[in-house]
Amino acid sequence: MRNRLIATVALALVVAVSAMAGEKFVLKLAHDQKSDQGYGPGVSRLVELLKEKAGDKIEIQVFDNGVLGNERDVTEGITLGSVEMSITTLGVMTNYEPRLGIINLPFLFSDWKQINSVFERGVMNPVFEDLANKRKMRVLSVYALGFRNIASNRAPIKTLDDLKGLKLRVPQAPLFIDTFKALGANPTPVPWGELYTAMQTKVVDAFENSSPVIEQFKMYEVAKYLSKTGHIWEGGCLLVSERIFASMPKELRTALTEAAVESAAYQRGLIQKESEEVEDALARQGMAVNGLDIAPFRAAVKNVHDEFIKKNGGKELLDSMLKP
């Protein structure tokens, strides 16, 4: 606690001196994906847009591919002052603001149009503001990972029976665990960076993630089957320290916000296009790709939706998200 207080005070002093001196803001941005895939092109676009809008007044230093640690590490780093920005999945962010998990409710969205509408209409903005006020982390925008599918070594997933007892890796997020318990699997949290080995050594027999991420990290090397469940849409929150953000002049806050929103729209478009093409690439790498009837799966997780709303609230938020 003492170290955290010292770090926070030091950060505040540095920011205050920089602001008074008119110096540029240097922001370290950490994420766990590659520079040319996933979040990477969106981050590159963010840097370009910020240069156009703010000149040399804000510099973003990018630390990708998990070099500064896993998602939880770098997100904690925002509160400690060791990093100023990160991209952290919604699933992990539910540890800081449970209502963010509403986007992760299973089988909630059927297409990208619904997802983009949620962000374009600012449906989640009240939740984002609460996060900034309570946790001192501001969500500037949401990048995409996409609709998540199941990759398995045991068998293709075609019916609920195929999930029974399956040791399936999930993120360290309660909603993912609850979802796969409801579907009959044995959800097992494993850090993403350890998953490749966990599949090789049969610690788990399956995992779930978006098809572009599966291709990006060559997970087809350790999984035989890809079942297009599309069970959860996942994205990453582009975060900035609220203390840093609040210390910026208004014009720089505006520039950073606009660049974040525009870069996220650009990146989501790339992932949508890639998602529509990548299954063919995975099949060429040897994975057996199959579709399935998701109606029984959707029915099996109804209680997950009900329990989430009962525990966290957000019925009006959910209704707003599902509006055309």
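Predicted model: local features only at pLDDT ≥ 70, side-chain atom pairs only at ≥ 80, totals over all residues.
Which residue with a positive phi follows α11? The residue that follows α11 is G286, with a phi near 110 degrees.

**Helix α11**

Helix α11 is made up of 35 residues. From its first C-alpha to its last it reaches 50 Å, close to the 51 Å expected at 1.5 Å a residue. The helix also has a kink of about 40 degrees, centred on E277. Q267 is located in α11 and counts as buried, at 0% relative accessibility. Leaving aside residues up to four places away in sequence, Q267 touches G38, Y39, G42, Y143 and A144.

**Nonpolar cores**

In soluble globular proteins, nonpolar side chains tend to be buried together. The largest nonpolar core in this model has 53 residues. I102, I103, F109, M124, L163, W233 and M321 have the most contacts inside this core. Strand β4 (residues 137-152) supplies the largest share of the core, 6 residues. One of the residues with the most contacts is I103; not counting residues up to four places away in sequence, I103 touches L90, L108, F109, F119, M124, W233 and M321. A second, separate core has 45 residues, among them I60, A151, W192 and L195.

**Helix α13**

Helix α13 spans residues 302-312, and V304, H305, F308 and I309 are buried in it. Seen down the axis of α13, the buried residues fall within an arc of 130 degrees, so they line one face of the helix. An α-helix has 3.6 residues a turn, so residues three or four places apart point the same way. On the other side of α13, K302, K310 and K311 are exposed. The buried residues of α13 are covered by elements including α7 (174-182) and α14 (315-321). Just after α13 comes G313, which takes a positive phi of about 75 degrees.

**Salt bridges**

The count of salt bridges in the model comes to 15.

| Salt bridge | N to O distance |
|---|---|
| K28 and E84 | 3.6 Å |
| K53 and E262 | 3.1 Å |
| K164 and D161 | 3.2 Å |

The side chains of E84 and K28 meet in one of these salt bridges. E84 lies in the loop between α3 (71-80) and β3 (85-89), and K28 lies in strand β1 (residues 25-30), so the pair ties together parts that are 56 residues apart in sequence. E84 counts as buried because its relative accessibility is 7%, under the cut-off of 20%. K28, with a relative accessible area of 24%, is partly exposed.

The salt bridge between K53 and E262 links distant parts of the chain, 209 residues apart. K53 is in helix α2 (residues 40-54), whereas E262 is in helix α11 (residues 250-284). Both partners are partly exposed: the relative accessible area is 33% for K53 and 36% for E262. Salt bridges that share partners join K53, E258 and E262 into one network.

K164 forms its salt bridge with D161. D161 has a relative accessible area of 55% and is therefore exposed, the cut-off for this class being over 50%.

Methods: Residues numbered from 1 in each chain as written. Heavy atoms only, no water. Salt bridge = Lys/Arg side-chain N within 4 Å of Asp/Glu carboxyl O. Helix = DSSP H or I, 4+ residues; strand = E, 2+ residues; numbered from the N terminus. Buried < 20%, exposed > 50% of the residue type's maximum accessible area, 1.4 Å probe, protein only. Core = buried A, V, L, I, M, F, W, Y, C linked by side-chain atoms within 4.5 Å. Contact = heavy atoms within 4.5 Å. Expected span 1.5 Å × (residues − 1). Bend = angle between axes of the 7 residues up to and from the residue. Arc of directions from axis to C-beta.
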